[in-house]
Amino acid sequence: VYHTLLFLHLLSAFIAFVTIVMFGAYVLGAPMGKVGFRIADISWNVSGAGLLIFGIWLALYVKSYEIWDGWILGALALFVAASAFGAWAHKGVRESLDGSGEMSISRIAAWQWLRTLSIVGILVLMIWKPGA
Amino acid sequence: MSLLAVVRPDAWDLPLFIHVFGAMVMVGSLVLAASYLFAATRGGSLEAINAGFRSLLYAALPAFIVMRAGAEWIADKENLKNSNVTWIGIGYGVSDVGALLIIVATIASGLALRRARRSEGSGGRGAMVAASLVAVLITLYVVAIWAMATKPT
């Protein structure tokens, strides 16, 4: 059970990086069509659900972890932050693709890099597990 | 079992982070490249082939190097370099084949880009070859992720 949960949790994290890379490429000047935007959008939603469900399941399953451990609470806080930053970046790119863009590319880039930092921060917490 | 699985010496953390971070950026870059290259095969623009080629050359390939360097470092720390364990074999196998496929896909997309620039049309067969190779790569890396997480013996 542990290894299956870990695989699904890890796979969700890899899928999150699909969105991180696709939006990152866009703010660096790469083109993004509606299909690319849709792939990035679906990846973000699927990975978010997977990270949360399998992450919490793992925390409950592994005896040496508690859901209120500092590194897990920190990861959850960063997850909420990444979701908020991601929502702003998503809004900016969607409006840009629709041609109704009000948000500048530099503003979209700022939200995107904040989301990227939050996700990398979660990865750091997952590997170093401070206090565990 | 689950307790043993999560205990890891602190000295392994940095190489593991580099390995996992490189792998995540690499897989993300491969999906990005696939989205451009498959668009190019459906009569997409020169811009799509160019973006697919650049995604492979400037993102997937460097990320592969970071992933592999991290893999070598963590394998050295864990004394697993000459291990016959199945999951290590799968990891190195996918990595070796993956390196070859990334290079071939990059060359194929580069040639498709050159041909498209000359004829001012789609990359045709080259873009299709590159897109197919990238799809195979993504599948192989999902298998590698499974092997790294479940560690089959």
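User: Which residues form one aromatic cluster?
Analyst: The model is a predicted one, and a search of the whole structure finds eight aromatic pairs over all chains. One aromatic cluster draws on residues of chain A and chain B. Its members are Phe17(A), Trp128(A), Phe17(B) and Phe21(B).

User: Is Phe21(B) buried or partly exposed?
Analyst: Phe17(B) has a relative accessible area of 15% and is therefore buried. Phe21(B) has 28% relative accessibility. Buried means under 20% and exposed over 50%, so Phe21(B) counts as partly exposed.

User: How are the planes of Phe23(A) and Phe37(A) arranged in their aromatic pair?
Analyst: A pair of aromatic rings is described by the distance of the centres and the angle of the planes. For Phe23(A) and Phe37(A), the distance is 6.2 Å centre to centre and the angle is 40°. Planes under 30 degrees apart count as stacked and those over 60 as edge-to-face, so this aromatic pair is tilted.

User: Which helices does the pair of Phe23(A) and Phe37(A) link?
Analyst: The two residues are 14 residues apart and belong to distant parts of the chain. Phe23(A) is buried, and Phe37(A) is buried too. The helices linked are α1 (residues 2–27) and α2 (residues 34–61) of chain A.

User: Over the ring of which residue does the charged end of Arg115(A) sit?
Analyst: In chain B, Lys151(B) lies over the face of Trp87(B), 4.4 Å from the ring centre. In chain A, the charged end of Arg115(A) is 4.4 Å from the centre of a ring. That ring belongs to Trp44(A).

User: Are α4(B) and α5(B) roughly parallel or roughly antiparallel?
Analyst: The axes of helix α4 (residues 86–119) and helix α5 (residues 125–150) of chain B come within 9 Å and cross at roughly 165°. Angles over 145 degrees count as roughly antiparallel. Therefore α4(B) and α5(B) are roughly antiparallel.

User: How many charged residues does the contact of α4(B) with α5(B) have?
Analyst: Helix α4(B) passes α5(B) in a left-handed crossing. By class, their contact has 25 nonpolar and five polar residues. The number of charged residues in the contact is given as no charged residues.

User: Is the crossing of α2(B) and α5(B) left-handed or right-handed?
Analyst: The axes of α2(B) and α5(B) are 9 Å apart, and the helices pack at an angle of about 150°. The two helices are therefore roughly antiparallel to each other. The crossing in which α2(B) passes α5(B) is left-handed.

User: What is the phi of Lys129(A)?
Analyst: Most residues other than glycine have a negative phi. Lys129(A), in the segment after α4 (105–128) of chain A, is buried with a relative accessible area of 16%. Its phi is positive, near 45°.

User: Is Asn79(B) buried or exposed?
Analyst: Asn79(B) lies in the loop between α3 (46–77) and α4 of chain B. Its phi has a positive value, near 55°. The relative accessible area of Asn79(B) is 68%, and over 50% counts as exposed, so Asn79(B) is exposed.

Technical notes. Residues are numbered from 1 along each chain as its sequence is written. Chains are lettered from A and ligands numbered from 1 in the order in which they are written. This is a predicted model: local features need pLDDT of at least 70, side-chain atom pairs count only at pLDDT 80 or more; totals for chains, interfaces and linings use all residues. Side-chain values use heavy atoms; hydrogens and water are left out. Axes are lines fitted to C-alpha atoms, for helices over the stretch in contact, and angles run from 0 to 180 degrees between N-to-C directions. Helices (H or I, at least four residues) and strands (E, at least two) are DSSP runs, numbered from the N terminus. Angles under 35 degrees count as roughly parallel, over 145 as roughly antiparallel, 65 to 115 as roughly perpendicular and the rest as oblique. A crossing is left-handed if the near helix is turned anticlockwise from the far one by less than a right angle, and right-handed if clockwise. Ala, Val, Leu, Ile, Met, Phe, Trp, Tyr, Cys and Pro count as nonpolar, Asp, Glu, Lys and Arg as charged, and the others, Gly among them, as polar. Rings of Phe, Tyr and Trp (its six-membered ring) pair if their centres lie within 6.5 Å; planes under 30 degrees apart count as stacked, over 60 as edge-to-face and the rest as tilted. Buried means under 20% relative accessible area, exposed over 50%, partly exposed in between (1.4 Å probe, protein chains only). A charge sits over a ring if NZ of Lys or CZ of Arg is within 6 Å of the ring centre and within 35 degrees of the ring normal.
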